[in-house]
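This report covers a sheet and then a domain interface.

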Amino acid sequence: MGKGNIAIDKSMIKTVVDGKIIIPLPKVLVENRYYPMFSIFSPTQCNSCGSKLHVNSHHTRFILSSHGTIPLNVTYWLCPTCKKHYHDQVIGVQGSANYSSEYYDTQMNVRYDGRCSLHNSRLIGETYTEGLTAFCGRAPCPTSLWLYEQKQAKLSKQELLTQEVSFEETLYVDGNWIKNGWKKKLEEFIGTKLTKKEWKKMRYKSVYVVATKEKVILDFEVTERLPTIEALIPLFIRIKNRFPEGKIKKIVSDEDKAIIGAVKRVFPEVAHSFCVFHQLKNVSKRYYEEFSSIEEIPDNDKITYNEISQLILSDTVISAVAHIQKIREFNSDLELSEASHKAISYAEEIFSKNVSFLKKGFTPETDNTMEQIFSLICDIVDKARSFKTGNGITNFCYNLFTYFNKRCFSTGKWKGFSPLMRARFQYG
């Protein structure tokens, strides 16, 4: 429990009337007008022939919602001319399902917060629904939830691509792998069996994400595992068309050739920085493989580690050359551990790579914005494992990124703020 006074949530106030608790139901937008949830609309005439409908039968539907199980008396109708059947429309309930839309929304949040697959969402959903049914709890079946997610993606797409976001003139781009495909169907299609190594290469797609420093995700593109420059150009064109000329001053990415090439074509005047956060992390990793703490690292190795870090952070070719020469002297003159020898070998690799970027006018950047974003979503993306089509991946990403833009941070100085709230608080 947090310290201090916490504001009371008054959005769903309950009142007591004659010993009964009364709960106001949320409003649902239908054709530019709001109606209370679970309102019933009855059809009046046949869509085909225009005849007046006759009552066929009456039925009580039981809708599972976060407010409890709601009984509704609905009517089934019949066209006397063409014999077509109709039924009452319940606001906030899709078709003949017995789950309300706000229940589906909460179940999706349960899925994302629980970092689980569609099938395993049932276990977490049971906790949420405990007390609403006679059993320990109930959640929508995976198929029902998947179908709802596909329909919800249309709204998520519109929200993600049109949300107005202010940022500090810098955008961050990176890609992450995501599993896709159905091995048996692919083998049937190509007419041969795939080895584990072949399947691992073929099953992965890449999702490239553009975000702000406040971790607001603006757009994404699902591509092949190793995309071409042309595959990412549509993503950057959408970003360019979305913001006024001159709003974007810098783009930060890793050394991905596809990103570099696409940015050069679409944003030729924008400064491009390459993120060296993962390089620093790789150097540290080599030392922590041998030493359990910083205190255990010998002085000579600490000097070498600092010099390698300065090499990575060099913003000019002259500075990088000076640092690599010192590192080579340390390698020959000082008694170093195996960790330092591994780190020096890695430094030789990245020296030529970083120098080539510096010659092209790139500058190093240590911000780990994309690393943090992917750390938030990688668990659920990895566990989803239910993507059989490209549309399935795309729709899932629209829902997931829209949700995480509004999800509040649970730690740090921005605890209680979502990325969107943080951006609006900082920039208005």
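## The sheet

Six strands make an open sheet, ordered 12-11-10-13-14-15, with mixed pairing. Strands are DSSP runs of E, at least two residues long, numbered from the N terminus; two of them pair if DSSP finds at least two bridges between them. Strand 12 (217-224) and strand 15 (363-365) are the edges; each has a single partner strand, so one side of each lacks a neighbour in the sheet. On average, neighbouring strands are turned by 30° against each other, direction ignored.

The model is predicted: local features need pLDDT of at least 70, side-chain atom pairs count only at pLDDT 80 or more, and totals for chains, interfaces and linings use all residues. Residues are numbered from 1 along each chain as its sequence is written, and side-chain values use heavy atoms, without hydrogens and water.

Strand 10 (residues 170-179) pairs with strand 11 (residues 204-211) in the antiparallel sense, over eight bridges. Asp174 has Val209 of strand 11 as its bridge partner.

Helix 7 (residues 257-266) packs on the sheet and touches strands 10, 11, 13 (250-253) and 14 (271-275). Contact means heavy atoms within 4.5 Å. The direction of helix 7 makes about 170° with that of strand 14. Axes are lines fitted to C-alpha atoms, for helices over the stretch in contact, and angles run from 0 to 180 degrees between N-to-C directions.

## The domain interface

The domain assignment gives domain 1 (28-140) and domain 2 (174-389). Six residues of domain 1 contact seven of domain 2. Between salt bridges (side-chain nitrogen of Lys or Arg within 4 Å of a carboxyl oxygen of Asp or Glu), the count for the two domains is zero.

Key. Helices (H or I, at least four residues) and strands (E, at least two) are DSSP runs, numbered from the N terminus. Domain bounds come from an automatic or database domain assignment.
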